[in-house]
Amino acid sequence: MNPVEIHAEGQAAIAGITLAEFCRGLESYFGFGPFEIDPDDELAADLGFDSVMYVELVLMLEEAAGHTLSEQALDSLRTVDDVWLFFREMLLAAKL
Amino acid sequence: MSSTRCISASGQLFREVATRWPDAIAIASLAGDLSYGDLLRDAHHRAAGSSEASDDWWTLDQAEPMDLAVEVVAGWLSGRDLLFESPLSMSAGETGLASLALALPPDVSGVGPKDRSPLRVFYTSGTTGTPKGVVHTDASLLAGLALTVSVQAELLSLSLEDLQAIRSGQYDSRTWDRLRIGIRLLSGMSLRTISGYTILQRTLLTGETLVIVDTTDHRSINATLDRCHVTSMSIPGIVAQRMLIDRGTGNTVTSLMAAGFGGGPVDPRLAERFEDVFGCEVAVGYGMTELGGPVAMSMPGAPSDLRWTTVGKPLPGVRLRLEEPASISDEGPRALSVSSPAMAIGVVERGAFRRLDAEWFSTGDSGLIDENGALRLHGRTSRVVIRGGRCIDPERLEAYLRTDPAVVSVRVDGVPSRLQGEEDLVAMVVPQNPGAPPTLRDFRASLRNAGLEQIHRLQLVASLPSTADGASSMAPGLHAAQSSVSRPIEKDLGDQDA
């Protein structure tokens, strides 16, 4: 499977990494309307993430980061804000 | 009403296996192993403890897989009818033996000394999306064991007579020795499902090792593969996807020889990547709870394009029937019916028992038989959507969303997801107030509170497109719009019970 092929639009969606842009990217990627996602939203409780959506999120982040993620690292991420912080740190670590 | 109970055929077989190989490992897990001798002792203990129960039924409600496996064996030894309790049985509102017993006619539920085979009831989301209890007998499920074993008939040097003996629960020590080849089979499906039960039978009635896991924890499954030296396993495709992500490029599991994917359509590219990373052969099969487990399976060693894009040939004793085409020039997929020796006797749905045809079962799937005699599935003849290994009835979601005051009319359909082999649920909604329409977030919160499945996309429309007979249909542009951001879904996919 080639994640680039699946998730090219996801990479574009989260290329900007301000929190607001990250929220807009998630909205676009997961089919929400504009400004429907807030940073405090919990993925499962507020946004209704199911097992398929979690896999999509991991593959999207992997594609944007350019390397494989340990899914275990995502276990503690409950909110959109958590995911964004994790994503930023991941990109910063990749640049060092 | 209580009655004199005799040990079931499965109980007799298990007792003979455990007596023959008491020190062999019956059940392995990360928490520890249980030998056949210990399992027989523990199961006897539980069966004895239940013998004073006032009815013939035993509800299997243990949460831990190890406890549940012991309880199944205890149920075999007790001779009682078994109800596999699950979230589906509870959501059906039919949990409780009293309501189940009321639904079953006397000739099925029976009272008094038993000359019938004990019942086993599994709950499933089934082909309609509405939870239902599928009523099997111990005998029908032993016939299912024969079908499972027949996949390896050549490897095991089994004759047709041997398979018939297994089907009737009468196989002898010579057959037993050949059935026991040292496999350690991991069930990635709950033991409450027909898939998990099939694996439990295949191992514990032939002296092999059943490897149990928390089926919701893919990381635990990955760890179990290595530590319990698993040789083969059966898992839903979505779990395989998550195991791949968790393992990364990982290292090959040296003991693992075969993996069967079930619980929904299989992406051939997922199968290929899984084979690369895990160093095993991926097989795809086809079965349903009503059919007592698998009825078709790709054969070990078959070319990969056949193993991944078909569900193999029907197993010995299984017959397939494709509906006649509407015209002689119509060469498209046709509705599939199956006849199997392992078929259930009926289903309990919405509190009523419905007896199934004893010979043919209409699957709700469509397919074709290719030039090699293998079954190629093309989809479903109904609107049911398959996501994450579950069948979802869009009409149930439509009925709920129509009660929303912000909605004039609605239609829900499945469209290909980004993850190949999965489907997203898209709701086309005519809003009451186009100036302030409902949002996807609103619907999700509402559906979650109602305990229903989620929709994944929302499309606001001025009116629902209609067919010639006036019924609403999917918007013509919806598939095209979705596929512009998705890879095309494969046409030839396997489908297994959820």
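A polar contact is a pair of N or O atoms within 3.5 Å; within protein, one must be able to donate a hydrogen and the other to accept it, and residues adjacent in sequence count only if both atoms are side-chain atoms. The model is predicted, with local features needing pLDDT of at least 70 and side-chain atom pairs pLDDT 80 or more, while totals for chains, interfaces and linings use all residues. Residues are numbered from 1 along each chain as its sequence is written, chains are lettered from A in the order in which they are written, and side-chain values use heavy atoms, without hydrogens and water.

**View 1. The interface of chain A and chain B.** Here 34 residues of chain A are in contact with 26 residues of chain B (contact: heavy atoms within 4.5 Å). About 2700 Å² is buried between the two chains, 50% of it from carbon and sulfur atoms (buried area: accessible area, 1.4 Å probe, lost on putting two parts together, summed over both). Across this interface, 12 residue pairs are in polar contact, both residues at pLDDT 80 or more.

**View 2. A salt bridge between E56(A) and R418(B).** The N to O distance is 3.5 Å (salt bridge: a side-chain nitrogen of Lys or Arg within 4 Å of a carboxyl oxygen of Asp or Glu). Between chain A and chain B there are 3 salt bridges.

**View 3. The salt bridge of R78(A) with E42(A).** The closest N and O atoms are 2.6 Å apart. R78(A) lies in the loop between helix 3 and helix 4 (80–95) of chain A, and E42(A) in the loop between helix 2 and helix 3, 36 residues apart (helices: DSSP runs of H or I, at least four residues, numbered from the N terminus). Over all chains the count is 21 salt bridges.

**View 4. Packing of helix 11 (residues 218–227) and helix 12 (residues 237–247) of chain B.** Their axes, lines fitted to C-alpha atoms over the stretch in contact, are 9 Å apart at an angle of about 70°. The two helices are therefore roughly perpendicular (65 to 115 degrees).

Methods: Axes fitted to C-alpha atoms, helices over the stretch in contact; angles between N-to-C directions. Parallel < 35°, antiparallel > 145°, perpendicular 65-115°, else oblique.
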